[in-house]
Amino acid sequence: MSETNRKTLPPVDGARLTHLARENLALLAELVQRYEVARQTDSRGRLQLLKPADVAGYLGPEMADLAQEQLRVLLLDIKNRLIGAALVYQGGANAIVIRLADCFREAVRVGAAAVVLAHNHPSGDPTPSPEDVRVTREAAQVGDLLGIELLDHIVISSGPGNFVSLRERGFYRPASAST
């Protein structure tokens with residue numbers, strides 16, 4: 001840009017710029033809700049996650065081919081309608097360090113009734129590791145203390161099978177399933 005062009009630019013109004021950024025983010029969030037998530041919605045237009053394949057269908061396109069592991073928490077209301085999704089951790093190629101309080105922070109903040117943990121395996125093999133099983137068990141205990149049910153833990157990959165539900169594989173059983 002030449003020196004003369006720089007002089008003709010108006011001064012940056014930080015407050016106005018922040019306002020425009022927030023408006024654009026709100027519009028983007030609305031577009032995502034309306035068009036990406038409109039596959040399985042209830043009468044109020046909110047995505048309902050009723051089975052592991054629903055979770056994999058929602059997160060898989062974003063997470064399957066990531067080069068690093070990510071852990072996300074899906075926040076659900078009492079009817080398993082999606083309230084939101086939170087990125088909790090991003091780790092290395094084959095490991096992340098998890099602090100369980102972080103898994104429930106957003107759920108507590110928004111008053112979620114239940115959560116689903118989901119993470120990816122960049123290796124392409126969605127088989128749950130012993131660490132995945134341990135974290136799921138411990139997260140369920142934390143959820144029980146907070147009154148937020150852990151419904152499942154889904155491992156997503158780009159390889160054959162694309163995802164594994166720890167619940168479906170028998171590695172985890174929610175408290176509500178035993179009644």
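1. Arg72 stands opposite Leu87 in E2. Keep in mind that this is a predicted model, where local features need pLDDT of at least 70, side-chain atom pairs count only at pLDDT 80 or more, and totals for chains, interfaces and linings use all residues. Residues are numbered from 1 along each chain as its sequence is written, and side-chain values use heavy atoms, with hydrogens and water left out.

2. E1 and E2 pair in the antiparallel sense over seven bridges; pairing here asks for at least two DSSP bridges between two strands. Five residues sit between the strands of this hairpin, and Asn80 takes a positive phi near 60°. The elements are DSSP runs numbered from the N terminus: helices (H or I) of at least four residues, strands (E) of at least two.

3. Strand E1 (residues 70-76) also runs antiparallel to strand E3 (residues 114-120), with six bridges joining them. Leu76 has Ala114 in E3 as its bridge partner.

4. Zooming out, the open sheet has five strands in the order E2-E1-E3-E4-E5, and the pairing is mixed. Strand E2 (82-90) and strand E5 (163-165) are the edges, each pairing on one side only.

5. Helix H3 (residues 52-63) packs on the sheet and touches E1, E2, E3, strand E4 (149-156) and E5; its direction makes about 135° with that of E1. Contact is heavy atoms within 4.5 Å, while angles run from 0 to 180 degrees between N-to-C directions, using lines fitted to C-alpha atoms (for helices, over the stretch in contact).

6. Which residues of H3 are buried? Pro52, Asp54, Val55, Ala56, Tyr58, Leu59, Gly60 and Met63, with buried meaning under 20% relative accessible area (1.4 Å probe, protein chains only). Their cover includes E1, E2, E3, E4 and E5.

Methods:
Buried means under 20% relative accessible area, exposed over 50%, partly exposed in between (1.4 Å probe, protein chains only).
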